[in-house]
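Hi,

Here is the structure you asked to look through. Have a look first, and my notes on what turned up follow below.

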Amino acid sequence: MKKNEIKTKDFSRRNFIKKSALITGGALSIPLSVDAMANVNNEKKLKIGVVGCGGRGAGATVQALKADPNTELVAMGDAFMDRVDSTLGSVKKAMENYNSSSLKRIKVKDSNKFAGFDAYKNVIDKVDVVILATPPGFRPYHFEYAVNAGKHVFMEKPLAVDVPGIHKVMEMARVADEKKLNVVVGLQRHYQNKYIDLKSKIDRGDIGRIVSGQVYWNSPGVWVRKRVSGQSEMEYQMRNWYYFNWLCGDHILEQHIHNIDVANWFIGEYPISAQGMGGRQVRNGLDHGEIYDHHFVEYTYPSGAVVASQCRHQKGTMRRVDEYFQGTKGSIITGKAEIKNVNGDLAYKYKGKGLNEPDPYQFEHDKLFSSIRNNEVISDTENGAKSTLTAIMGRMATYSGKIITLEDALKSKQQIMPESVSWSDQPPTIPDSNGRYPIPTPGVTKIY
Amino acid sequence: MKIRYLITLFIFNINFTISQDSFDSYDQKINGTDYSFKMVPVTGGLFQMGSLKNEVGRFIDEGPVKNVEVSSFWIGAYEVTWELYELFVQRSIDDIENNSKSNEISIDIDAVSGATTPYTDMTFGMGLDGFPAICMTQLAASKFCEWLSAITGNYYRLPTEAEWEYACRAGTKTKFSFGDDVNLLDEYAWFSKNSGEKYQKVGTKKPNSWGIYDMHGNVSEWTLDQYVPSAYYNRKDNSKDPYELAVKEYPRVVRGGSWSDNPNKLRSSARTASNSKWKKRDPQIPKSLWWHTDAPFVGFRIVRPKELPIEEERKKYWINPS
């Protein structure tokens with residue numbers, strides 16, 4: 001094991017609480033004192049760039065521009081120039097609708113629009129704050145470059161698709177902390193008042209010690225981009241990235257991480273083992289790549305708590321995106337924002353302000369920029385990496401059908417995302433003569 | 001030649017008579033599925049649209065009361081449910097051969113744009129089978145009508161505000177279709193006090209006297225109209241089939257109130273304006289044309305005019321992106 005690799009003791013409860021205090025400290029809405037306001041450094045114009053021009057990259061860009069009036073969008077990058085152009089157009093339109101004078105803050109010269117696998121370097125070089133919103137496979141490499149360049153970061157979840165990627169992100173988290181860089185991760189439930197409030201009730205002891213939980217992302221599934229004639233295999237996979245593990249990591253990572261992360265956050269620990277089952281029974285067409293359409297994982301925590309995690313992409317089946325927890329003194333359902341006592345009576349409900357409730361996607365950017373202005377540090381990376389690892393352990397368990405311990409997982413050298421990618425490369429997975437990709441098979445697929 | 005003409009005329013008359021007689025309720029089947037939904041006839045007429053100043057709980061945009069004439073139409077007995085709406089979202093039955101299609105209209109189904117698949121669960125855990133579809137934009141609800149028309153061969157669209165209120169009132173002038181007594185509301189509607197903070201299965205409360213369910217409560221329902229607070233003030237008395245053509249994305253009108261509303265928002269004349277906050281937590285740019293992430297209280301029902309409008313008119317009643 002290399003010196004800088006993380007170990008199981010880094011996942012201890014003590015470590016969680018120490019780091020999560022920092023994390024929630026960043027997320028809690030504490031009004032700035034007069035003294036703090038005096039320190040606010042608004043003078044400097046902050047240059048923003050975005051790497052990954054999908055709908056979410058565009059959304060995060062607009063949120064960043066809205067978060068701080070003394071910002072400019074100066075550089076954009078994506079694998080594809082058509083995505084850069086369409087995102088620039090939609091960002092302009094959104095900012096014009098927000099406030100016509102803010103259109104002036106979009107200053108992306110043609111020479112600062114970058115396409116290709118190295119676009120991220122060019123974007124990061126030109127900015128103070130970078131938004132990383134490509135498919136997650138690229139995240140460790142992009143984050144590494146941004147931190148080495150001393151840039152503040154907003155990055156979307158998950159933070160890697162394999163364990164070597166997790167080690168890299170954890171290593172760079174330490175470097176980012178040393179450099180006092182702000183890093184906000186798009187696990188936006190940490191920036192949502194309902195979740196912050198419910199977490200404070202758990203910490204106050206309202207439901208006692210959590211002994212079990214059920215977390216869900218069951219839905220009909222997401223978009224599919226069909227193969228277009230003339231596309232290379234690499235271009236096809238990059239366009240239809242959700243269905244390829246080296247880019248997406250499967251939906252247990254890409255989507256269900258939100259709910260798994262809430263379990264880790266509310267319990268205050270990370271799981272030490274995972275076992276489960278899964279497969280692809282319904283969504284198994286030629287345009288559905290190699291990922292599963294369902295996973296069911298049982299996570300065991302150091303305290304003995306057990307969380308059942310289920311995620312499913314199947315049409316016409318029960319839908320639920322939610323988190324339930326049972327404690328020694330009561331239970332909690334985050335969807336309803338309700339706490340019940342052990343007798344099942346309603347003990348507490350978070351009311352919120354309905355349509356006037358703050359938007360967590362905006363709030364995470366408001367916090368990022370106010371932290372930069374106040375010379376504070378938000379450090380979401382470590383939790384983001386650890387929750388990503390929890391989801392990877394779940395995927396390892398469903399693909400292999402074996403028990404996956406945290407210790408075993410951390411030793412994994414299985415790198416599904418290549419170190420570098422170019423248009424002339426063959427992707428890490430390629431179809432057979434029938435257009436079918438190799439599918440992970442429990443009892444057969446080896447996890448190492 | 002003359003004989004042939006007479007025969008043609010005769011046949012035409014028979015057809016005409018049949019179509020006159022067939023202004024009854026019917027079940028619209030969806031080819032390729034077991035699903036059907038009920039449409040009930042609403043015979044047109046003159047009614048007083050809006051509420052008088054002395055109505056308790058009324059808002060100023062509900063007046064002044066104007067006489068409005070509405071042509072006959074069929075209306076869905078129930079709000080559109082997820083089973084039906086999902087067929088539009090998934091578009092998996094479009095290519096199934098259909099020999100029993102009506103020939104009222106014929107449109108190319110491939111030309112009807114489809115809603116995107118949402119990233120998250122738009123039922124918000126409130127239930128799927130038998131429950132009303134929610135969170136769709138007015139554009140999406142209208143495209144659904146276009147798709148449904150292509151699938152069935154019958155011309156469907158969203159109701160105008162006037163049609164909606166006429167159908168809701170079912171001949172009454174009172175606050176609710178069952179009178180003014182708010183204590184009876186629980187028998188007819190799902191609203192803030194009895195809904196358990198979620199929508200409920202359609203048709204589980206009493207219908208109005210014309211056999212239409214859930215006009216009050218459960219989910220608010222899209223109409224075609226742009227929301228113009230002074231619309232009635234500006235409108236001529238006795239206007240026929242009026243509506244405010246929607247040109248701006250916001251605000252547009254929903255009617256009937258929902259599971260989350262208090263009784264005064266459920267009144268026959270109450271109007272609610274759509275709002276950009278209904279897409280507040282859509283994290284993407286451009287925000288979805290198809291989904292209102294923050295409007296789990298909005299659904300819709302459909303109408304079919306008794307007399308098929310000419311093609312140009314038909315298209316006018318189908319929404320396109322603004």
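In chain B, 4 strands make an open sheet with antiparallel pairing, in the order β1-β2-β5-β11. Strands here are DSSP runs of E, at least two residues long, and helices are runs of H or I of at least four, both numbered from the N terminus; two strands pair if DSSP finds at least two bridges between them. The edges belong to β1 (26-29) and β11 (303-305) of chain B, each with a single partner strand, so one side of each has no neighbour in the sheet. From one strand to the next the twist averages 30°.

Before going on, a word on the source: this is a predicted model, in which local features need pLDDT of at least 70 and side-chain atom pairs count only at pLDDT 80 or more, while totals for chains, interfaces and linings use all residues. Residues are numbered from 1 along each chain as its sequence is written, chains are lettered from A and ligands numbered from 1 in the order in which they are written, and side-chain values use heavy atoms, with hydrogens and water left out.

Back in the chain B sheet, strands β2 (residues 36-42) and β5 (residues 73-76) of chain B run antiparallel and are joined by 4 bridges. Across that pair, B:Pro41 stands opposite B:Trp74 in β5(B). Helix α4 (residues 161-169) of chain B packs on this sheet, touching β2, β5 and β11 of chain B, and its direction makes about 75° with that of β5(B). Contact means heavy atoms within 4.5 Å, and the angles, which run from 0 to 180 degrees, are between N-to-C directions of lines fitted to C-alpha atoms, for helices over the stretch in contact.

Chain A has an open sheet of 6 strands, with parallel pairing and the order β3-β2-β1-β4-β5-β6. Its edge strands are β3 (113-115) and β6 (183-185) of chain A, each pairing on one side only. Here the twist averages 15° from one strand to the next. Strand β1 (residues 46-51) of chain A runs parallel to β2 (residues 71-78) of chain A, with 6 bridges joining them, and A:Val50 stands opposite A:Met76 in β2(A). Helix α12 (residues 360-373) of chain A lies across β1, β2, β4 (129-132), β5 (152-155) and β6 of chain A, at about 170° to β5(A).

How do the two chains meet? The contact takes 33 residues from chain A and 21 residues from chain B. About 2,100 Å² is buried between them, 55% of it from carbon and sulfur atoms; buried area is the accessible area (1.4 Å probe) that two parts lose on being put together, summed over both. In chain B, the residues losing the most area to chain A are B:Tyr119, B:Pro283 and B:Ile285, together 34% of what that side buries.

The rule finds 2 salt bridges across the interface of chain B and chain A, a salt bridge being a side-chain nitrogen of Lys or Arg within 4 Å of a carboxyl oxygen of Asp or Glu. A:Arg319 forms a salt bridge with B:Glu86, their closest N and O atoms being 2.7 Å apart.

Finally, some backbone details. A cis peptide bond joins A:Lys157 and A:Pro158, with omega about -20°, and A:Pro158 lies in the loop between β5 and α7 (163-178) of chain A. Another cis peptide bond joins B:Tyr250 and B:Pro251, with omega about -15°.

Best wishes
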